[in-house]
Amino acid sequence: MKSLFVVSWEGFSGKTAFILGLSQVLIENGFKVGYFRPIGRPQTSVTEGTIDPDVLLMKEVLKLPFTLSELTPILIEPNYLSVYAKRDVEKLKNMILTQYGKLSQSSDIMIVEGGVSPETMTAFKLNNINIAELLNSKVLAISGGVSDSSIEKILFYKNILDMKDIPLVGAVLNQVPPHMMEKAEYEYSELLNKNGVKVWGVIPRNYEISSPTVRELLELLEGEILVEGDINRVIEKIFIGAMQTESSLKYFRRSGNNAIITGGDRADIISAAVETNASVIVLTGNMKPSEQVLVKAEEKNITVVMVPQDTYSTVKILEGLTGKIKPSDTYRISLTKKMVYDHIPWRELCDSI
Amino acid sequence: MSNSNTLMTSLFNPKSVCVIGASTKPGKLGYNILENIVKYGYPGRVYPVNPHYQNILGLKVYSSVSEIDDEIDLAVIVIPAEAVVKVAEECGVKQVKNIVVISAGFKETGKEGAEREKALKDICEKYKMKLLGPNCLGVIDTFTPLNASFAAQMPLKGNIAFISQSGALGTAILDWSFKNRIGFSKVISLGNKADLSESDFIAALAEDVNTKVILLYIEDVKDGDKFIENLRKTVRIKPVLVLKSGSSAAGQRAAASHTGSLAGSKIAYETMFKQFGALQVETISDLFNYAKVFSTQPLPKDNAVCILTNAGGPGIIATDACERYGLKLASLNSETLNNLRKQLPSNASIYNPVDILGDAQPERYYTALEALKNDDNISSIIIILTPQATTKPTETVLKLIKLVDKLDKPVTFSIMGGEQVTEAKKILSENNIPVFSFPEDAVESIAALTRYTFIREKKLSHRKFRISANKEAVREIIKKVLNEGRRTLLSSEACKILGFYGVKTPKVYLASNSDEACSAATEIGYPVTLKIASPDIIHKSDVGGVALNVKNEEDVRKIFIGMVANAHKFFPNARIYGVEVYEYVEKSREVIIGVNKDLQFGHLLMFGLGGVYVNFLRDVAFRIVPVNTQDIDEMIKETRVYTLLKGVRGEKPADIDSVIKTIIAASQLVQDFPVISELDVNPLFVYNKGEGCMAVDVKMSLYI
């Protein structure tokens, strides 16, 4: 059985999306794929209780016949150090091993997803490096976006893994913005190769996968939906509509897929948002615009939501808006598969494990 | 214009009219409209339609349109909105040519209404019926005569056509017109403009022999291109006066809330009206003041005015107003002066303004006007009368009327005063001679008339001037930008694009690290200018993103690092591509050339004083694209910076020809690539005549 341990340095690298895509590709090509995330990041969900949403996603998509706590035995909670200080480390290790054994039965390949960040659980010798060693996995590093420091982080991983003789099969440079593609493909890849890290793929940023959608915004705001348009549209940029009519057009035109936050009494701004085909219009202060304005939004299939909060509070709430893929999000799930097919020589990668 | 002809006959002069929703109850619209048609003498055949009645106003009532055994030119529909679409379809089947939907309850009421309006529009398209409204007052033609509206009265017959987007304003104006003895040829209430709009009607009225002047009240224009097309043709034939509301920021908000859509900008509307020959007015009173003059007076030859007055003060006030409104005081020819000298008392002023003194009797006014009558130097005459001790206002006016009728020049009166002059003013009005209380109004309306003379006589240049451009290369750059998911171009890309249209720009390289920046600087030659390269940072100099006159490699390196760090600090989410290294160019006079895409009228071109003060001094002029060299020449001359370009205080004149060429390039570029929504060349350095100009900083945005 092959075992691939996928790690990243920081959140939002697109690690989950990559694992999701790779698993689907492997299954589609006849492999039996198992999944394990020994240390997970919990979130509270109304329907599911406290869970790791990424693990739930994998469970649903790969149709894994295990419970969430079997798939993620350890959840990192606040002040986790105090909690685990009282536990027997050896027992924890054994528990992970046993669990892994159970999950990997009848799998051709096990994909293990790394912890929240590289240092997590170092106090108990259960950080990413320790677990990769424990499970005898080969490591793949994913970096989200590219910069000098993200490349160095991969090399830092390589150094530590080398010290422990844990094999690093290589790296994937994910979510690379268009203007960095060339540099990532040549300069950075070459530098990594020179240092013994094979680059399996440079994946361009895809807003459709990484950006939040109108649906997520609506869930977060819980406002009154005045017009339900296309809620699957992504949101790339958020604007506060407080400027003059003429300048609003200038700003809104400069980017696509905008979320525009403004007051219901700013019929001009709302119209400008409609005119520039915004993804969603958020009206603050519970001010409802005239019907005529809403009709235009409806004609263009643009969602309009009204919230009681003021603009600043609304923006604060929207800071929590992230593009997490949900099990029901079949379109984005299929995009992750396409992403791997398009950019990763997956069979070669698989052979190298 | 065959469409307009059909409209003229079958809508304004139909052979048969049916009123669907006719009622027996006075006070109901269905009754009022039918009554208006019958009462005001419509000569064609009238068919009331209503399944509940047999007879209204002595006419046989039909239970549906299909029952009528006649061809129907016009159907007026005044039934509840929910039933309109079905009835319109019946009209379609019956091959009715025009329908006027009076009923409200469409787009103006919300979603359901909007869907209803769409369905109504589709029916009309399907059966090729013209549709006026819905949600309108109706249509009136005083010559047919046809009053297919629910207006309380029939307006007086006249040669003014009035098109109004607001029904309520229409009724108010009609009522007011009686008091002011203003007559109309046609009154059209546009309503929601689902099909027929202002553009259709100005084209139709251009050909209407009964209409001398077209008045337009609008909140927006439905189709910018069509309006421009029809307007420019119409103003060659007769004047179009426009009152456009919703131009203030609050007004624009109110209009957006009212119509649900954003009208084009105030500047775009003003530019469009001016460029294509409509006379825009600011107030309702101006609209009708001007209308009075346009409907009764001949056009002046040019802007030379003669003022005839019995009072010095008002004469001077009128003189000031002339200058303010672009008129000049005519210099009277020697024959006129001799005549005046002979006939007038020696202390009268025979030079323009002609002051015939406070004791002027009707006879003196008459002889003076007689003397001015045939002076070719005079294009229009303003007659001022103030009631002084021995003045006889009524008699004076009665005496002058006979002469005014024979003049081939426009005349306006300013009869000042109250009780004493009421009769005199009434007489003038009754004789279709424009009269105002105050001299400024008399001058302003003559100025409007003069402006129209210039509009009508303006020679249209058809000279096409095209710059040979490398469109393929431009297309490549735009494609690359869009592929990267960007809408804002880097300056280096924007410069290249202008370069492909023959505009000189400084050498520029994009450097993504300090090594590249240094070699770019060496290649270009020191000193250089460095600018942060990020599509997300628009006002670069505000965040330390511009360094001028950088002299050596060490500085380039330091500035590169600092600039990028600064950009990250101020705009944490901005995409930073690096730094652009520019060739240093010699400073010169700074002008701005800008293009912005207006929602209604497309690309709006701007020219004016450039540099950092552009937003403060606002010395700019606008035109709607496309423009020809004549337009550009006029546009440049509208600005104060033109004076600077010509050279002041011994300065050499600037290369204005190269500015014109650059403007043509900008206009042609956005025409070739409508995807460009914004272009800003600021500054364009203009060197001395023969030395060209250079686009130093170029911003460009796309909008798909």
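Angles here run from 0 to 180 degrees between N-to-C directions, with axes fitted to C-alpha atoms and, for helices, over the stretch in contact. Every view shows a predicted model.

**View 1. Strand 7 of chain B meets its partner.** Look for strand 6 (residues 98-101) of chain B, which pairs with strand 7 of chain B in the parallel sense over three bridges.

**View 2. Domain 1 and domain 2 of chain B come together.** Where they touch, 14 residues of domain 1 of chain B contact 16 residues of domain 2 of chain B. Together these two domains of chain B bury about 1,400 Å², with 58% of that from carbon and sulfur atoms.

**View 3. One salt bridge crosses the domain 1 and domain 2 interface of chain B.** The rule finds one salt bridge across this interface of chain B. R181(B) and E430(B) form a salt bridge, their closest N and O atoms 3.9 Å apart; that counts because the cut-off is within 4 Å. Five residue pairs are in polar contact across the interface of domain 1 and domain 2 of chain B (both at pLDDT 80 or more). On the domain 1 side, strand 14 (279-281) and helix 10 (284-296) of chain B each supply at least two of the residues that touch domain 2 of chain B. Helix 10 of chain B gives the largest share of that side, five residues.

**View 4. Chain A has an open sheet with mixed pairing.** This sheet of chain A has five strands in the order 11-15-14-13-12. Strand 11 (224-227) and strand 12 (237-240) of chain A are the edge strands, each pairing on one side only. From one strand to the next, the twist averages 25 degrees. Strand 14 (residues 280-284) and strand 15 (residues 303-306) of chain A run parallel and are joined by four bridges; V280(A) has T303(A) in strand 15 of chain A as its bridge partner. Helix 13 (residues 291-299) of chain A packs on this sheet, touching strand 11 and strand 15 of chain A, and makes about 80 degrees with the direction of strand 11 of chain A.

**View 5. The two domains of chain A share an interface.** Chain A divides into domain 1 (2-209 + 325-351) and domain 2 (212-318), with C-alpha centres 36 Å apart. The contact takes four residues from domain 1 of chain A and five from domain 2 of chain A. About 440 Å² is buried between these domains of chain A, 46% of it on carbon and sulfur atoms. Y207(A), K326(A) and R332(A) lose the most area on the domain 1 side, together 81% of what that side buries. Two salt bridges cross the interface of domain 1 and domain 2 of chain A. K326(A) also forms a salt bridge with E219(A), at 3.2 Å from N to O.

How values were computed:
Residues numbered from 1 in each chain as written. Chains lettered and ligands numbered in written order. Predicted model: local features only at pLDDT ≥ 70, side-chain atom pairs only at ≥ 80, totals over all residues. Heavy atoms only, no water. Pairing = 2+ DSSP bridges. Contact = heavy atoms within 4.5 Å. Buried area = accessible area lost by both parts, 1.4 Å probe. Salt bridge = Lys/Arg side-chain N within 4 Å of Asp/Glu carboxyl O. Polar contact = N/O pair within 3.5 Å; in protein donor to acceptor, adjacent residues only side chain to side chain. Domains from an automatic or database assignment.
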